[in-house]
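Have the model open as you read.

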Amino acid sequence: MKIIGIDPGLRTTGFGVIDKQGNQLAYIASGTIKTPDGDLPSRLKVILSSVSEVVRTYAPDCAAIEKVFVNVNPHSTLLLGQARGAAICALVNADLAVAEYTALQVKQAVAGHGKAQKAQVQEMVARLLHLPGLPGTDAADALGVAICHAHGGDTLAALGALAPGLARKGLRLKGGRLVG
């Protein structure tokens with residue numbers, strides 16, 4: 001199964017393509033899509049067309065993308081969400097199923113804990129995919145999203161979908177147990 005991972009960004013969108021055969025992961029490609037300075041619609045068009053081109057080139061079977069986190073600046077969050085939307089549109093236009101993961105889920109899947117630093121994610125991605133060197137941070141994050149999907153993506157997605165409902169009921173996980 002060939003998986004494309006996307007780390008969305010308005011200035012730089014990372015992509016990573018891996019192959020999963022049983023429990024084995026193999027690196028296929030990774031890189032970044034850089035948008036020129038300019039108006040928002042032009043930048044979104046670059047993301048949409050470039051992600052579409054990557055999909056045509058590598059013909060993945062499925063896709064995974066990082067969810068937007070809400071940061072201090074709401075305007076930045078909205079812009080990131082629009083970049084993410086352009087990437088998702090490219091993926092669904094290619095008839096790919098798209099899974100979504102939080103940065104926490106990706107870091108847990110790749111580095112073993114959700115507070116991993118960028119350098120730790122880069123190092124673990126390089127180790128897991130037997131790369132000769134470290135990928136750039138955006139490409140490493142995108143490869144991490146693909147690895148996250150490969151390592152039990154269905155289970156992580158199901159748990160992620162349950163979490164908001166549990167939180168509304170005042171429940172959470174602590175030490176692997178559901179507590180109220």
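**From the sheet to the helices**

Five strands make up an open sheet of mixed pairing, ordered β3-β2-β1-β4-β5. Strands here are DSSP E runs of at least two residues, helices are H or I runs of at least four, and both are numbered from the N terminus; two strands pair if DSSP finds at least two bridges between them. At the edges sit β3 (24–34) and β5 (98–101), each pairing on one side only.

A word on what you're looking at: this is a predicted model, where local features need pLDDT of at least 70, side-chain atom pairs count only at pLDDT 80 or more, and totals for chains, interfaces and linings use all residues. Residues are numbered from 1 along each chain as its sequence is written, and side-chain values use heavy atoms, with hydrogens and water left out.

Back to the strands: β4 (residues 62–66) runs parallel to β5, joined by four bridges, and A64 stands opposite A99 in β5.

Now for α5 (residues 137–150), the helix that holds A142. A142 is buried, with a relative accessible area of 0% (buried is under 20%, exposed over 50%, partly exposed in between, using a 1.4 Å probe and protein chains only). Leaving aside neighbours within four places in sequence, A142 is in contact (heavy atoms within 4.5 Å) with G5, I6, D7, G14, F15 and G16. Look towards V106 as well: its C-alpha atom is 9.4 Å from that of A142, though the two are 36 residues apart along the chain.

On the α3 side, Q105, V106, A109 and V110 meet D141, G144, V145, I147 and C148 of α5.
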